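Reader: Please take one part of this model and go through it closely, strand by strand where that applies. Then set it beside the rest, in one connected account.

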Amino acid sequence: MKALRALTIANFRGYLRDRQALFWTLAFPLIFVVLFGLIFGGSSDQRSVAWVDEDQSAGSAQLRAAFASVPAVKLVDEDQQAALEAMQNGGVVGVIVVPAGYGATVAAAATDPTQQVAVTYYIDPSQQTSSAFMTAYVNGVLAQVNLGGKPVAVTSQPQTIQTTQLNAVSYLVPSILGMALMQTGIFAAIPLVADRQKLILKRLAATPLRRWQLIGSNVIMRLIIALVQFVLIVGVGVFVFDVKIVGSLVAIAFLAILGSLAFTSLGYVIATLAKTEDAANGMTSVVQFPLMFLSGTFFPIAAMPDALQTVARFLPLTYLSDALRQVMVGGTAYAPLAVCVAILAGWTVACFGFAARRFQWQ
Amino acid sequence: MATSVPSDPVIRVLEVRKSYGDIHAVDGVSFEVGRGEVFGLLGPNGAGKTTTVEMLEGLRQPDAGRLEILGLDAVHQPDELKERIGVTLQTAELYPKLTVVEVLDLFRSFYARTLPTDQLVDFLDLGERRKAQTRELSGGQRQRLAVALALVNDPEVVFLDEPTTGLDPAARRSLWDLIERLREQGKTILLTTHYMEEADHLCDRLAIMDHGRILEMGTGRELVDRRFHERAVRFDDLPQVADAELSALPSVTSVRHDDGSTFVYSRDIPATIGALLDTLDARGLEIDDLGVRKATLEDVFLELTGRALRD
């Protein structure tokens with residue numbers, strides 16, 4: 001244990017004194033989050049809200065007028081199905097449904113104070129800004145409508161749905177976390193190959209240090225870096241760009257650890273194949289960039305050309321980022337969560353297995 | 001072959017072989033090193049010195065033969081062995097971004113029994129550079145650090161592979177002093193070198209290796225005396241004088257040329273020099289830089305392999 005700890009600390013010192021490694025693993029993903037956050041995070045001046053009127057009475061028309069009087073909102077009349085679809089694909093930020101019988105109940109409430117009717121509105125809690133806006137908008141307008149009659153005749157009833165289209169920042173934060181975990185993992189190859197090339201591994205082999213301690217310290221270090229990335233990226237997403245995390249931290253941490261292991265093991269495969277540090281650098285780039293751009297990091301896989309979609313299906317980062325989006329922000333599944341986990345676990349075992357059999361220590 | 005055999009051997013190598021494809025890197029090597037001895041493997045690059053040492057260190061597996069250190073089998077008990085030996089490799093580049101003290105402490109964590117870091121730093125005279133990252137060290141300092149790392153577990157047996165290769169003369173001197181101090185501490189040292197002076201200066205006994213075999217073994221004096229009972233008259237080459245004429249001089253045993261010098265080996269130096277000067281006088285030739293030299297390990301090596309021991 002003493003040796004494992006000392007070696008982990010030594011590796012960390014080397015890492016912290018290596019500006020290039022620090023940049024790629026910590027600064028680079030953060031720059032992405034901030035850049036994309038600034039580009040996509042700003043809200044538009046006017047928001048569209050779908051208006052579903054199932055009552056079609058004078059009362060409901062009056063209510064519509066009240067809602068339409070808010071200048072920042074553009075009401076779009078739809079039937080319920082079309083309205084929810086529009087919300088799914090991001091056309092509107094929310095849906096307001098006026099139930100049948102609304103007009104009659106409001107009229108009755110003038111004489112019978114027990115009469116109440118609820119207006120239903122749909123929000124997606126993962127879209128924090130939009131759902132907060134909808135709640136404030138609906139309740140604000142209803143408060144004015146209710147000013148005339150006491151007690152309150154019209155109440156609001158929120159309904160949550162999960163929308164396909166996350167807003168851009170919510171989509172990007174888990175994707176960039178996945179990308180960062182991928183980079184940290186495959187970059188494990190470079191110091192390992194460098195240590196072999198400088199005969200440090202050989203020198204260590206002449207000490208009582210065991211190989212499992214060497215690999216153990218390497219894995220521990222990658223996991224700690226992954227944790228720091230997690231805190232930084234998610235922290236900036238949540239506190240700067242209002243991304244709402246819906247999943248449990250345990251599930252997210254599990255995925256982050258699994259993803260980190262999967263790509264660290266890929267790093268070991270590179271370390272097994274690369275003879276020199278330069279070759280390892282080249283190979284990490286060759287692996288890194290297709291993973292980064294073809295795994296749905298910056299835009300959904302469904303939006304890519306068919307040929308590239310086929311490629312994406314075989315890339316492990318596709319499943320890590322997809323799983324992270326599902327768990328962190330309630331993103332729509334590209335593959336079921338269990339499949340993602342199984343693919344990442346299988347990938348980890350296969351890569352570790354290959355490296356364990358073929359890695360040359362000297 | 002050897003006339004002096006250690007009474008208390010701590011290293012035993014018996015009929016060890018190691019091949020890489022068709023190349024017999026080590027081809028039936030046997031030797032023993034006694035407790036407290038400094039033993040050298042002398043030979044050119046590719047002679048099989050490093051392969052031999054790395055088999056003892058547990059870094060390579062022999063194809064055949066036995067390797068024993070401190071009564072432990074290097075093939076089957078490498079873990080026990082590694083606790084008790086110290087090793088330097090030919091390259092001494094270690095964790096460029098860690099400081100001297102950090103690397104020492106890292107290596108100390110690998111062993112059950114260790115010397116204090118400060119003691120190592122002082123012994124290796126690295127005090128001023130203790131907070132320096134290893135990439136900032138000079139070649140000599142780096143090599144001293146490599147030796148310090150070999151000493152962290154206070155080993156009984158120390159292996160030094162080409163400890164002074166690539167060092168300037170001053171740094172080489174300081175490393176020699178260091179090895180002398182280790183000898184005074186009673187450590188058993190096995191070193192490899194292709195510097196004849198180094199082997200001569202440091203080693204109690206040495207083995208001359210070439211092409212994976214040991215050609216001769218013994219103390220430096222023994223090796224020289226066994227082959228050369230004569231001394232040599234040395235002078236700058238004279239193209240006008242044929243080797244046959246030199247060989248015909250009284251008491252001459254052989255003539256050799258090396259690097260612009262002529263060596264005339266003789267059993268009776270004054271007689272040979274007198275006759276040589278008479279011959280040259282008669283032909284009106286002048287002689288430059290005349291001297292008398294004892295035979296050296298270099299001569300032994302030339303005699304054994306037919307080539308000079310240079311890098």
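Author: Two strands count as paired if DSSP finds at least two bridges between them. In this predicted model, strand S1 of chain A, residues 47–53, meets that condition with strand S3 of chain A, residues 94–98: five bridges join them, and the two run parallel. Within this pairing A:Trp51 stands opposite A:Ile96 of S3(A). S1(A) also pairs with strand S2 of chain A, residues 73–77, again in the parallel sense and over five bridges. Here A:Ala50 has A:Val76 of S2(A) as its bridge partner. Together with helix H3 of chain A, residues 58–68, S1(A) and S2(A) form a β-α-β unit, and this unit is right-handed. S1(A) is mostly covered, with five of its seven residues buried.

These strands belong to an open sheet of five, ordered S2-S1-S3-S4-S5 in chain A, and its pairing is mixed. S2(A) and strand S5 of chain A, residues 154–160, stand at the edges; each has a single partner strand, so one side of each is left without a neighbour in the sheet. On average, neighbouring strands of this sheet are turned by 25° against each other, direction ignored. S5(A) is joined to strand S4 of chain A, residues 117–123, by seven bridges, and this pair runs parallel. One bridge of S5(A) sets A:Gln159 against A:Tyr122.

Chain B has a sheet to set beside this one. It is an open sheet of four strands in the order S2-S1-S4-S5, and the pairing is antiparallel. Its edges are strand S2 (23–34) and strand S5 (72–73) of chain B, and because each has a single partner strand, one side of each lacks a neighbour in the sheet. S5(B) is joined by two bridges to strand S4 of chain B, residues 64–69, in the antiparallel sense. B:Asp73 of S5(B) is the bridge partner of B:Glu68. Helix H1 of chain B, residues 49–56, lies across strand S1 (9–20), S2 and S4 of chain B, and runs at about 120° to S1(B).

The two chains also touch. The contact takes 19 residues from chain A and 21 residues from chain B. On the chain B side, helix H2 (78–84) and helix H3 (100–108) each supply at least two residues. H3(B) gives the most to that side, with four residues. By type, the chain B side divides into ten nonpolar, eight charged and three polar residues.

H3(B) is itself mostly covered, since seven of its nine residues are buried. Among the buried residues are B:Val100, B:Leu104 and B:Phe107, and also the charged B:Glu102 and B:Arg108. The cover over the buried residues of H3(B) includes helix H1 (2–16) of chain A, together with helix H4 (117–123) and helix H5 (139–151) of chain B.

B:Thr272 is found in helix H10 of chain B, residues 269–282. A residue is buried if 20 or more other C-beta atoms lie within 10 Å of its own; B:Thr272 has 24 such neighbours inside 10 Å and therefore counts as buried. Leaving aside neighbours within four places in sequence, the contacts of B:Thr272 include B:Val233, B:Leu249, B:Pro250 and B:Val264. B:Ile189, by comparison, is 83 residues away from B:Thr272 along the chain, and their C-alpha atoms are separated by 42 Å.

Technical notes
Residues are numbered from 1 along each chain as its sequence is written. Chains are lettered from A and ligands numbered from 1 in the order in which they are written. This is a predicted model: local features need pLDDT of at least 70, side-chain atom pairs count only at pLDDT 80 or more; totals for chains, interfaces and linings use all residues. Two residues are in contact if their C-beta atoms, placed from the backbone, lie within 7 Å. Axes are lines fitted to C-alpha atoms, for helices over the stretch in contact, and angles run from 0 to 180 degrees between N-to-C directions. A residue is buried if 20 or more other C-beta atoms lie within 10 Å of its own, exposed if 12 or fewer, and partly exposed in between; C-beta atoms are placed from the backbone. A crossover is right-handed if, with the strands pointing away from the viewer, the path from the first strand over the helix to the second runs clockwise.
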